Amino acid sequence: VCHGRRTALITLSGTLSAFYAHGILSLIGLTALILSSAKLFALVKLLGVIYLFYLGISSLLQAVRGSGGSGPVPVAGGKAPSMRKAWCQGFITNLLNPKVSMFYLALFPQFVTDTDSIIATTAMLVSLQVVIVGAWFASLATLAARACGDRSAVLMRLIKGAVGSLMLWFGFSLSQAQLRS
């Protein structure tokens, strides 16, 4: 959102695309394999934690560096992320979220019967999730972009700092949960 509504929506489209990747992985059984192997599952969680730390540190650095005047807070290179980078950030963040895989494995079998096509049912359930999550986060992105319409540099830096801190907290919390298990 700090880089505008368009960038937020592109990032969201990457996040939503990863739901389809999770659906395909659950269809081919890879999700079940990862969840049945403690080592593979721990590796996926570790990758997710590392990526959250990366996102958190990047956001905090962007907040500290800030921009001299008004406008979006620049990223490390001094300009807003490309649309490809924004999409990839959303996709990778969601793809490395093992909770989506667990959710699909716990929920989807409840809707599949002997007479149903597992592919059609999975596609319908993933699409339903994409529509609901997409509508919710697109609304949030639109409202946040309007609230930040003046592109106040101070407000953008506060948002980046808050997001960075939140990502680091999530990463730390997940790492602690992984150490306990």
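## A buried threonine and its surroundings

Thr122 is buried, because its relative accessible area is 5%, where buried means under 20% relative accessible area, exposed means over 50%, and partly exposed lies in between, as found with a 1.4 Å probe and with protein chains only. This residue belongs to a predicted model, in which local features need pLDDT of at least 70, side-chain atom pairs count only at pLDDT 80 or more, and totals for chains, interfaces and linings use all residues. Residues are numbered from 1 along each chain as its sequence is written, and side-chain values use heavy atoms, with hydrogens and water left out.

Thr122 lies in helix H6, and the helices named here are DSSP runs of H or I with at least four residues, while strands are runs of E with at least two, both numbered from the N terminus. When residues up to four places away in sequence are not counted, Thr122 touches Gly23, Ser26, Leu27 and Phe108, and a contact of this kind means heavy atoms within 4.5 Å. Apart from its neighbours within four places in sequence, Ser26 is in contact with Thr31, Tyr104 and Thr122.

## The chain as a whole

The secondary structure of the chain comes to 7 helices and 0 strands, and reading along the sequence therefore gives the pattern α-α-α-α-α-α-α. The chain has 181 residues, of which 35% count as buried. Its accessible surface comes to about 10,500 Å², with 71% of that belonging to carbon and sulfur atoms; such areas come from the Shrake-Rupley method with a 1.4 Å probe, and for residues only the protein chains shown count as cover.

Among the contacts in the chain with a separation of 6 or more, 84% are accounted for by residues 24 or more positions apart.

## The largest nonpolar core

In soluble globular proteins, nonpolar side chains tend to be buried together. Here the largest nonpolar core has 10 residues, namely Leu12, Leu16, Phe19, Val100, Tyr104, Phe108, Leu125, Val126, Val130 and Val133, where a nonpolar core is a set of buried Ala, Val, Leu, Ile, Met, Phe, Trp, Tyr and Cys residues joined through side-chain atoms within 4.5 Å. At least two residues of this core are supplied by each of H1, helix H5 (98-107) and H6, and H6 gives the most, with 4 residues.

Leu125, which is found in helix H6, counts as buried because its relative accessibility is 10%. Leaving aside its neighbours within four places in sequence, Leu125 is in contact with Phe108 and Phe111. Leu125 and Tyr20 are 105 residues apart in sequence, while their C-alpha atoms are 10.0 Å apart in space. Val130, again leaving aside neighbours within four places in sequence, is in contact with Leu16, Phe19, Tyr20 and Ala135.

## Ala138, a partly exposed residue in H6

Ala138 also has its place in helix H6, but at 24% relative accessibility Ala138 counts as partly exposed. With neighbours within four places in sequence left aside, Ala138 is in contact with Leu9 and Leu12. Ala138 and Ser13 are 125 residues apart in sequence, and 9.5 Å apart in space from C-alpha to C-alpha.

## A nonpolar patch on the surface

A nonpolar patch on the surface is formed by Ile24, Leu27, Ile28, Leu30, Leu33, Leu40, Leu43, Leu46, Leu47, Ile50, Ile118 and Ile119, which together have about 1,100 Å² of accessible area. Patches are made of residues with over 30% relative accessible area and no salt bridge, with like charges joined within 9 Å and nonpolar side chains (Val, Leu, Ile, Met, Phe, Trp, Tyr) joined within 5 Å; a salt bridge is a side-chain nitrogen of Lys or Arg within 4 Å of a carboxyl oxygen of Asp or Glu.

The elements that give two or more residues to this patch are H1, helix H2 (30-36), helix H3 (38-65) and helix H6 (118-147), and H3 gives the most, with 5 residues. Leu33, one of the patch residues, has its place in helix H2 and counts as partly exposed, at 47% relative accessibility.

## Aromatic pairs

A search of the whole structure finds 4 aromatic pairs. One of them joins Trp169 and Phe170, whose ring centres are 5.3 Å apart and whose planes stand at 50°, so the pair is tilted. Rings of Phe, Tyr and Trp (its six-membered ring) pair if their centres lie within 6.5 Å, and planes under 30 degrees apart count as stacked, over 60 as edge-to-face and the rest as tilted. Phe170 counts as partly exposed, at 36% relative accessibility.
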